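Student: I have not looked at this structure before. Please pick one part of it, look at it closely, and then connect it to the rest.

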Amino acid sequence: MHADMDGSLSTESEYVELAVEVFSMLSDATRIRIILALRDQELSVNHLAEIVDKSAPAVSQHLAKLRLARIVSTRQEGTKVFYRLANEHARQLVADAIFQAQHTMSNNPAHHRGDHRTPEDVH
């Protein structure tokens, strides 16, 4: 099946500028770490702050930006708010970026060798 049936991957796509905004949103190491932490689970701000080794207020600011960009969504349980990835695309983008980064370090990165892992396995 052809992935570009609606023309969204053409050079004239109306989504090119929005894609640039997505990349801009992902151009921060803390946000990448947040997405990696959320790839398989939803977490609270405090738990995310612990995982990415940043203060809760700093993580909250990053999450607010990711939420405005519709990269993460929330669920409230009592007074706690839990964050999760809004869809699988941010996870895939980050995994592909990590894999591309591995190419800068090696001509034969781990994801090309026998110890191949899928993008969903990236930690």
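A pocket and its surroundings

Tutor: The lining of the second largest pocket consists of 6 nonpolar residues, 3 polar residues and no charged ones. Here nonpolar covers Ala, Val, Leu, Ile, Met, Phe, Trp, Tyr, Cys and Pro, charged covers Asp, Glu, Lys and Arg, and polar covers the others, Gly among them. The model is predicted, with local features needing pLDDT of at least 70 and side-chain atom pairs counting only at pLDDT 80 or more, while totals for chains, interfaces and linings use all residues. Residues are numbered from 1 along each chain as its sequence is written, and side-chain values use heavy atoms, leaving out hydrogens and water.

The residues that line this second largest pocket are S8, L9, S10, S13, Y15, V16, L18, A19 and V22. A pocket is found on a 1 Å grid over the protein atoms alone, as an open set of points where a 1.4 Å probe fits, with protein on both sides within 12 Å along at least five of seven lines; a lining residue has an atom within 4 Å of a point. The space in the second largest pocket comes to about 220 Å³. Such a volume is the space filled by probe spheres set on the points, which are joined across faces, edges and corners.

V22 is in that lining, and V22 is also among the residues closest to the centre of the largest pocket, together with A69, I71, H89 and L93. The volume of the largest pocket is about 430 Å³, and 17 residues line it. Two elements give two or more residues to this lining, α1 (16-25) and α5 (88-105). Helix α1 gives the most, 6 residues. By type, the lining of the largest pocket holds 11 nonpolar, 3 polar and 3 charged residues.

Buried means under 20% relative accessible area, exposed means over 50%, and partly exposed lies in between (1.4 Å probe, protein chains only). T30, R31, I32, I34, I35, L36 and A37 are the buried residues of α2. Their packing partners are α1, β1, α3 (45-52), α4 (56-68), β3 and α5; contact means heavy atoms within 4.5 Å.

T30 counts as buried because its relative accessibility is 8%. Apart from residues up to four places away in sequence, T30 touches V52, K54 and H62. K54 sits in the loop between α3 and α4, and is 24 residues from T30 in sequence but 8.2 Å from it in space, C-alpha to C-alpha. K54 has a relative accessible area of 42%, so it is partly exposed. Beyond its neighbours within four places in sequence, K54 contacts T30, A49 and V59.

D53 lies in the loop between α3 and α4 too. D53 is not a glycine, yet its phi is positive, about 60°. With 69% relative accessibility, D53 counts as exposed. R70, in the loop between α4 and β2, likewise has a positive phi of about 60° without being a glycine; its relative accessible area is 68%, so R70 is exposed.

The strands β1 and β3, against which α2 packs, belong to an open antiparallel sheet of 3 strands in the order β1-β3-β2. Its edge strands, each pairing on one side only, are β1 (43-44) and β2 (72-77). Two strands pair if DSSP finds at least two bridges between them. Strand β1 pairs with β3 (residues 80-85) over 2 bridges, and L43 has Y83 in β3 as its bridge partner.

For the chain as a whole, 29% of the 123 residues are buried. Of the contacts between residues at least 6 apart in sequence, 46% join residues at least 24 apart. The chain exposes about 8500 Å², of which carbon and sulfur atoms supply 52%; accessible areas come from the Shrake-Rupley method with a 1.4 Å probe, and for residues only the protein chains shown count as cover.

How values were computed: Helix = DSSP H or I, 4+ residues; strand = E, 2+ residues; numbered from the N terminus.
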